[in-house]
Amino acid sequence: MAKPLKIVLLVIGGVVLLVVAALVAVAMLFDPNDYRSQIQDKVHEETGREFTLGDIKLSVFPWLSVQLSDARLGNADGFGDQPFAEIQQVKVGVKLLPLLLDQQVQVDTVTLDGLHLNLAKNKAGVANWQDLIDRQKNKPKEEPKTKAESQFS
């Protein structure tokens, strides 16, 4: 085999080895459960409802996927203590290589297991999901970022 070809193959092998090592390190060192309270607080801030979240699992290769378990969103005021929504497990993933190389998002199947919704209307005809719709409508619109802004923010 020619010497330049060996060098190219060694460089490519080294890069692949570094990428695999980095993915393994991320999987071993990063615990998404450390961010559970921040996620719960942000959902509460955006919806005005209590949100609890169980275990969060992250997998890296070949799909970058997140799996959430035991998620519960509280009900609107005046609709009782029963949660508005409960989900036993949610899983969503995106292909890692197209995301890194081409900045393309290729989504895997979104899995929702054990979804239970408590949809109700009170005597006045107001639904327990109406406050979520109203919050979204009253939320100020964000200006779309230009490509240069989105790359450096």
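**Note on the salt bridges of this predicted model**

1. By the rule used here, in which a salt bridge is a side-chain nitrogen of Lys or Arg within 4 Å of a carboxyl oxygen of Asp or Glu, the count comes to four salt bridges. As background, side chains of opposite charge can pair when their charged atoms come close.

2. Please keep in mind that this is a predicted model, in which local features need pLDDT of at least 70 and side-chain atom pairs count only at pLDDT 80 or more, while totals for chains, interfaces and linings use all residues. Residues are numbered from 1 along each chain as its sequence is written, and side-chain values use heavy atoms, with hydrogens and water left out.

3. On confidence, pLDDT (the predictor's confidence in each residue, from 0 to 100) averages 85 over the protein chain, and 92% of the residues score at least 70. Helices (H or I, at least four residues) and strands (E, at least two) are DSSP runs, numbered from the N terminus; confidence is highest in strand β1 (residues 51-52), at a mean of 96, and lowest in helix α5 (residues 147-152), at a mean of 56. Where pLDDT is low, the predicted coordinates should not be read in detail.

4. In helix α2 (residues 36-47), K42 and E45 are three residues apart, which is about one helical turn, and their side chains form a salt bridge with an N to O distance of 3.4 Å. For accessibility, buried means under 20% relative accessible area, exposed over 50%, and partly exposed in between (1.4 Å probe, protein chains only). On that scale K42 is partly exposed at 45%, whereas E45 is exposed at 52%.

5. K42 also meets the side chain of E46 in a salt bridge, at 3.5 Å from N to O. E46 and K42 both belong to helix α2 and stand four residues apart, about one turn of the helix, and E46 is partly exposed, with a relative accessible area of 33%. Taken together, K42, E45 and E46 are linked in a network of salt bridges.

6. Another pair to inspect is E86 and R72, whose side chains meet in a salt bridge at 2.7 Å, N to O. E86 lies in strand β4 (residues 85-95) and R72 in strand β3 (residues 63-73), so this pair ties together parts that are 14 residues apart in sequence. E86 is partly exposed at 22% relative accessible area, and R72 is partly exposed at 41%.
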